[in-house]
Amino acid sequence: MSIDLERARRETMRWYILVALNAGRPNPVAEGIVLTTLRAIPIQCTLIELRRELDYLDARGLVELHRMEAAPWSAEVTRDGVDVVEYTVPVDPGIARPDK
């Protein structure tokens, strides 16, 4: 049985993005702060990868993205995202939330 390391990395990134945005609640968090947080864990991550995962979480309704042309993005966690971070709801596949 082989482990898909890239998939595991993406799913772990998604979890830590939610945690970082939850820590910044109720304010939006700039993408640069989230990127710095991921790199401090350490998770190798580029800005493009971060934006791709933010977009994924936005499509799932867990974050709300604030995209601005030629400017840094920011994001905030939604009510559903808070519930995932606080372990009050089950998490769907695609996010590597650790066991409580």
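**The sheet**

Modeller: Strands E1 and E3 run antiparallel and are joined by 2 bridges. A strand here is a DSSP run (E, at least two residues), a helix likewise (H or I, at least four), and both are numbered from the N terminus. This is a predicted model: local features need pLDDT of at least 70, side-chain atom pairs count only at pLDDT 80 or more, and totals for chains, interfaces and linings use all residues. Residues are numbered from 1 along each chain as its sequence is written, and side-chain values use heavy atoms, with hydrogens and water left out.

Colleague: What makes E1 and E3 a pair?

Modeller: Two strands pair if DSSP finds at least two bridges between them. E1 and E3 have 2 bridges, so they meet that definition. Within this pairing, valine 29 stands opposite alanine 75 in E3.

Colleague: How do you know that E2 and E3 pair?

Modeller: E2 and E3 share 4 bridges, in the antiparallel sense. The cut-off is at least two, so E2 and E3 count as paired. Valine 63 stands opposite valine 77 in E3.

Colleague: Why are E1 and E2 called edges?

Modeller: The 3 strands form an open sheet in the order E1-E3-E2. E1 and E2 each have a single partner strand, so one side of each is left without a neighbour in the sheet.

**Salt bridges**

Colleague: Why is the contact between aspartate 58 and arginine 67 called a salt bridge?

Modeller: The definition asks for a side-chain nitrogen of Lys or Arg within 4 Å of a carboxyl oxygen of Asp or Glu. For aspartate 58 and arginine 67 the N to O distance is 3.8 Å, so the pair qualifies. The whole structure holds 12 salt bridges.

Colleague: Which parts does the salt bridge between aspartate 92 and arginine 60 tie together?

Modeller: Their side chains meet at 3.7 Å, N to O. Aspartate 92 lies in the segment after helix H4 (79-85), and arginine 60 in the loop between helix H3 (47-59) and strand E2 (63-66), so the pair ties together parts that are 32 residues apart in sequence. Arginine 60 has 27% relative accessibility, so it counts as partly exposed.

Colleague: What separates aspartate 83 and arginine 79 along helix H4?

Modeller: About one helical turn, because they are 4 residues apart in H4.

Colleague: Why is aspartate 83 called buried?

Modeller: Aspartate 83 has 18% relative accessibility, so it falls under the 20% limit. Arginine 79 is at 61%, so it counts as exposed. Contact means heavy atoms within 4.5 Å. Leaving aside neighbours within four places in sequence, aspartate 83 is in contact with Thr88, Val89 and Arg97.

Colleague: What covers the buried residues of H1?

Modeller: The cover includes strand E1 (29-30), helix H2 (31-40), H3, E2, strand E3 (74-77) and H4. Among the buried residues of H1 are Trp15, Ile17 and Leu21.

Colleague: What makes a set of residues a nonpolar core?

Modeller: The members are buried Ala, Val, Leu, Ile, Met, Phe, Trp, Tyr and Cys residues, joined through side-chain atoms within 4.5 Å. The largest such core has 24 residues, and Ile17, Leu18, Leu21, Leu50 and Leu54 touch the most other members. H1 gives the largest share of this core, 5 residues.

Colleague: Which residues does leucine 50 contact?

Modeller: Apart from neighbours within four places in sequence, leucine 50 is in contact with Ile17, Glu31, Val34, Leu35, Leu38 and Cys45.

Definitions and conventions
Buried < 20%, exposed > 50% of the residue type's maximum accessible area, 1.4 Å probe, protein only.
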